[in-house]
Amino acid sequence: MIITVEQIEALRPYIENIGELISADDVDALLDAVDDVVVDNIVSHNDEPDEEGRRIQRIYDDIAAQNHVYWD
């Protein structure tokens, strides 16, 4: 899995088991966890992400691109 130290540190406050997810080398599980954070942010802000939610979504997108994760 390709993930930067900056991305890990940005996600650490939101994903308690981020170290385990990275150690398992399961990018899909990590992206699912990041997605959960984004969804929680959206729900808690009247169905619109705030700046922090948008920042986390960009991290999600970057990790997906770095790891060549593509969905049809």
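Where is the place of Asn 67? Asn 67 is in the segment after α4 (51–66), helices being DSSP runs of H or I with at least four residues, numbered from the N terminus. The model is predicted, with local features requiring pLDDT of at least 70 and side-chain atom pairs pLDDT 80 or more, while totals for chains, interfaces and linings use all residues. Residues are numbered from 1 along each chain as its sequence is written, and side-chain values use heavy atoms, without hydrogens and water.

**View A. Surroundings of Asn 67.** Asn 67 has a relative accessible area of 17% and is therefore buried (under 20% relative accessible area, 1.4 Å probe, protein chains only). Beyond residues up to four places away in sequence, Asn 67 touches Met 1, Ile 2 and Val 27 (contact: heavy atoms within 4.5 Å). The C-alpha atoms of Asn 67 and Val 27 are separated by 7.6 Å, although these residues are 40 apart along the chain. A polar atom of the Asn 67 side chain lies 2.8 Å from the backbone oxygen of Ile 63.

**View B. Asn 41 in helix α3.** Asn 41 belongs to α3 (residues 27–43). Asn 41 counts as buried because its relative accessibility is 10%. Apart from neighbours within four places in sequence, its contacts are Glu 48, Pro 49, Asp 50, Glu 52 and Gly 53.

**View C. The largest nonpolar core.** This core has 20 residues, of which Leu 11, Ile 15, Leu 30, Leu 31, Val 34 and Ile 63 touch the most other members (buried Ala, Val, Leu, Ile, Met, Phe, Trp, Tyr and Cys residues joined through side-chain atoms within 4.5 Å). The helix α3 gives the most to this core, with seven residues.

Key: Helix = DSSP H or I, 4+ residues; strand = E, 2+ residues; numbered from the N terminus. Buried < 20%, exposed > 50% of the residue type's maximum accessible area, 1.4 Å probe, protein only. Polar contact = N/O pair within 3.5 Å; in protein donor to acceptor, adjacent residues only side chain to side chain.
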